[in-house]
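I opened this one up with a plain list of things to look up. Here are my notes, in the order I made them.

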Amino acid sequence: MSSTQAAVPALGRLWFDELSERCAKEGVTLPGPENLHQKFNQPEVPPAARGKLAQVMHVEWVKGRADVPHWQLQALVEAIEAWWQLLPEGSTPLTAGLAPAWVRAQGSLGHIEPLAEAALRWQEQLASPDHEAVALGLLRQLRRLKGEASIGPSLALIDALGQRWQPEAGWTQEVVGTLAMVARAAETLPPLQRVAAWLDRLAPHAARPDARGWLAPLTAAAVRCAALPVLRQLAEAMLDDEEPDPAGGFSLAAALEALGELAPSPWVHALNAR
């Protein structure tokens, strides 16, 4: 699942001893109570102990903190993955817990590969509202890390979420932001075509009051895809707004400029005149 996967099955006393030494070196208290630490001195570390340690590490080291040292994040990732590998039958990383923490830690470490793999592996499960937090977390981290490796997994996540998308969904801005990232990063036609299909789905709702937060990235994606009908819809929605968003001027200008270059017509000229 990650760059640490080869080491994860061996996590036990040796790994815990190394963690203890690192904590001592950094002047950091080893997370968890002593009775939990003792379990890592056993020849076979109980799976529940691994899960408990991962949870304690998250609470004591990461939760609510903006600046976490990379070595702590890496240790948390390793502890979570070691626990996940020994989950009982019927349990999955998404149902067991700490998946959102794992996603954030991998993102903070800049590890795009495990995030991309998880998005594809969990795509079907992430369509469920029960796992919305994980899906959106993956979407944010892949968008932040961006690049070619993020394109396919990001579109897979959007397709999963799209199965239940409605215009009033509170996470529409997340989807649109990722579509804009994909449009910028894509160097081939198929991803742009998938973005364009979503633009057609979103553009009719551009006049909604809650659409102001995602009009700019939607317009940027439409310009990149040369989606002329969408650009017309967006330009009209922005021009018809009785209380236009002062921050929307750049988006309107970009839409009109693209229309003027790609589809000059009296209609476009009239829009510019407005």
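**Entry 1**

I started at Leu19, which touches Leu30, Trp61, Trp71 and Ala75, not counting residues up to four places away in sequence. Contact here means heavy atoms within 4.5 Å. Before going on, I noted that this is a predicted model, where local features need pLDDT of at least 70 and side-chain atom pairs count only at pLDDT 80 or more, while totals for chains, interfaces and linings use all residues. Residues are numbered from 1 along each chain as its sequence is written, and side-chain values use heavy atoms, with hydrogens and water left out.

Next I looked up the largest nonpolar core, which has 91 residues. Leu19, Trp102, Trp122, Leu138, Val195 and Leu199 are the ones that touch the most other members. Helix α4 (residues 70–84) gives this core its largest share, nine residues. A nonpolar core is a set of buried Ala, Val, Leu, Ile, Met, Phe, Trp, Tyr and Cys residues joined through side-chain atoms within 4.5 Å. Buried means under 20% relative accessible area, exposed over 50%, and partly exposed in between, with a 1.4 Å probe and protein chains only.

**Entry 1: The whole chain**

I counted secondary structure and got 16 helices and zero strands. Both are DSSP runs numbered from the N terminus: helices are H or I with at least four residues, strands are E with at least two. Of the 274 residues in the chain, 50% are buried. Taking contacts between residues at least 6 apart in sequence, I found that 66% join residues at least 24 apart.

**Entry 2: Rings**

How many aromatic pairs does a search of the whole structure find? It finds seven. Rings of Phe, Tyr and Trp (its six-membered ring) pair if their centres lie within 6.5 Å; planes under 30 degrees apart count as stacked, over 60 as edge-to-face, and the rest as tilted.

I picked Phe16 and Phe40, a stacked pair at 4.7 Å centre to centre with 15° between the planes. This pair links distant parts of the chain, 24 residues apart: Phe16 is in helix α1 (residues 13–26), and Phe40 is in the loop between α2 (34–39) and α3 (47–62). Phe16 and Phe40 are both buried.

Trp61 lies in helix α3 and Trp71 in helix α4, so the pair ties together parts that are 10 residues apart in sequence. Trp61 counts as buried at 3% relative accessibility, and Trp71 counts as buried at 15%.

**Entry 3: Val45**

I stayed in the loop between α2 and α3, where Val45 is found. Val45 is buried, with a relative accessible area of 7%. How far apart in space are Val45 and Gly12, C-alpha to C-alpha? I got 5.9 Å, although they are 33 residues apart in sequence. Leaving aside neighbours within four places in sequence, Val45 is in contact with Gly12, Arg13, Lys39, Phe40 and Arg50.

**Entry 4: Helix α10**

Leaving aside neighbours within four places in sequence, Ser150 is in contact with Ile112, Leu142 and Met181.

For the helix itself, 11 of the 15 residues of α10 are buried, so it is largely enclosed by the rest of the structure. Its buried residues pack against α7 (112–121), α8 (123–126), α9 (132–145), α11 (172–185) and α12 (189–202).

Most residues other than glycine have a negative phi, and most peptide bonds are trans. I looked up two residues with a positive phi. Phi of Leu98 is near 70°, and Leu98 lies in the loop between α5 (93–96) and α6 (99–108). Leu98 is buried, with a relative accessible area of 14%. Phi of Lys146 is near 45°, and Lys146 is found in the loop between α9 and α10.
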